[in-house]
Amino acid sequence: MSRHTAVKRMIQKGSYIDSEEEEEQEVEDYDKYADENFSDDELICIVILVEEFDGIYNKKQIIDALYETDGNSDAARNLLLQRKQKLIKQESKVLSKPPPLIKQQSSEPKKAYHLEYNVDKFNQPYPPIKYKIQPQFNTINIIIAGHVDTGKSTLLGQILHQLKIVDEREVRKHHKEAQSIGKESFSYAFLTDSTNQEKQRGITMDVSYKVIQINDKLFNLMDSPGHMDYMPHMITGATQADYAMIVVDVCQNAFDNSLKKNTVQEYIYLMKSLGIPLLLFCINKMDLIKWDQVQYNKITSALEQICGTAGFLKNQLLFIPISAFQSQNVTKQHQCPWYKGLTLLDSLSNLEHPRRHNDRPLRMLITNKFQQNEGKLRGTIIFGKIESGQIEKGQTYVIIPHGIVCKVKEINDGKTNYAAEGSIAEISIQCAQEQEFNEIKTGYILCNSDIPIPCSNLFVCEISTLDLECPFIKGTQFIIHINGQKVPVQVKKMNSVYKDAEKQIILRKFPRAICGLEYAEIELETETAICAEISTNIKSLSQFILRDKLRTVALGKIVEIKINKNKLKEGKILHEQQI
């Protein structure tokens, strides 16, 4: 950490105040803290710490901690942990103070929501629910994933152009804009990369949502980031998907690089852990290798082998050679002598609608929130996927784990009065207290108040490990990604190791260690209470991945929910509020 000597000198003299700054300040400090100023090793160290302390410290604060410790990552981690403990103590003092009295706005009785930690209820099957409305399930959600610079955004932009969802004037506008900054080949990508920072850096930084219609089917296409700094955003998008479209660069050097960095493998294992039933591989940039069949076969064979190891069958894989920039094999068949299969859009139109249920309790996974003062849908907005159940306009629900009671005002620009399982919806809500909107985070769940989602900190899980640098032992710490949440987790207990995925034959009871490529049952304890389901109730909300140092180390699902009562008080009242 020899760079930025002026900043380092300020820290050493004690004249620098470490405080949380606004986003505008981060833009002004770009020259000080930009990625280009650091070596690859330094960047890896920064990214590991950013992922570990996500939601607590921003990237600039973590870099400052490294300056204070002369680039020693272990010392910086300890320093950040000490500061984190101080923050927790300060928050606990604030929470211990009695809440201020709230003036009653109406004569209606005050509603108190109690979050109960009832383990017996958590592990019981849900009774079937009869909804008034019989929904039409006609939307298919597809995540577009792939390593950085494989052409994901270009592909989506070309689809929007060919289907005339965007007009020629807008295409010409983005083409001129791309030319002006020396990125002419990014002109179609600019149709989906909306922010100036994304356009300047030439990478996607957040998930972009676009709706298209092919024949009688609606598709919600989600363009996700490929850069490792924004992997959590990609994972959040993938949790909303029914199918996955993985874009692969056919050029040998680019493909070898993605294998070396483990990104292709990670995408495939992630999709398997989320229960994605089919992977559609777009082998892109075929025009650059003049549609060489030998190279294409080499890439597809390598991908088939990785998918087989992850547990996918051959009939769960589709391979399509394309050129996204030239729109070859995207909307129209390319005159290729050796490929006689379908185009990309024809393959999409043949996808079956995922099986939906209409008798389970409401679970809406919140992936974003914002305030909106323009358009038909105004006010406090939450955005996310309805994993089960239905939302009705005018009804009152609760957001777990904070127990925020809210009323639904509008759904999807007022076009409908309900939204059902499988839908990705924008919903305008009214909270009892305006400041409670700030407490809503990615991974929170909107649900029925009478059948809330389980919220706990101790789980019995079935996992399958990947190639490991070090085996799992009791006390090992990871980052768990589940339902859009990302929290520290610790291996509390190791129950057994199985012979295979069927888990019929136990090889070792209470093992001292779990090695790579093994199936096991373990108990995981999270640092904070999280929302989750057991796999027999709502499978999509039980699946997770474990990551360590930017690598996925295990896939798993929750089979039983327990609780550590030393950390959580049973029957704690979270809120008293009134709509």
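**Exercise 1.** Find out which residues L279 touches in this predicted model, leaving aside those up to four places away in sequence.

**Exercise 2.** Work out how helices α12 and α14 are oriented relative to each other.

*Solution.* First, locate the pair: α12 covers residues 252-260 and α14 covers residues 293-310. Their axes sit 11 Å apart, at an angle of about 10°. Angles under 35 degrees count as roughly parallel, so α12 and α14 are roughly parallel to each other. As for handedness, α12 passes α14 in a left-handed crossing.

Now pick out who makes the contact. From α12 it's Q252, F255 and L259; from α14 it's Q295, K298, I299, A302, L303 and I306. Sort the residues of this contact by type and you get 6 nonpolar, 2 polar and 1 charged.

**Exercise 3.** Decide whether helix α5 is mostly covered or mostly uncovered, then check what comes just after the helix.

*Solution.* Take residues 59-68 and apply the cut-off for buried, under 20% relative accessible area. Of the 10 residues in α5, 8 pass, so the helix is mostly covered. The buried ones are K60, Q61, I62, I63, D64, A65, L66 and Y67. Finally, step just past α5 to D70, which has a positive phi of about 55°.

Terms used: Residues are numbered from 1 along each chain as its sequence is written. This is a predicted model: local features need pLDDT of at least 70, side-chain atom pairs count only at pLDDT 80 or more; totals for chains, interfaces and linings use all residues. Side-chain values use heavy atoms; hydrogens and water are left out. Contact means heavy atoms within 4.5 Å. Axes are lines fitted to C-alpha atoms, for helices over the stretch in contact, and angles run from 0 to 180 degrees between N-to-C directions. Helices (H or I, at least four residues) and strands (E, at least two) are DSSP runs, numbered from the N terminus. Angles under 35 degrees count as roughly parallel, over 145 as roughly antiparallel, 65 to 115 as roughly perpendicular and the rest as oblique. A crossing is left-handed if the near helix is turned anticlockwise from the far one by less than a right angle, and right-handed if clockwise. Ala, Val, Leu, Ile, Met, Phe, Trp, Tyr, Cys and Pro count as nonpolar, Asp, Glu, Lys and Arg as charged, and the others, Gly among them, as polar. Buried means under 20% relative accessible area, exposed over 50%, partly exposed in between (1.4 Å probe, protein chains only).
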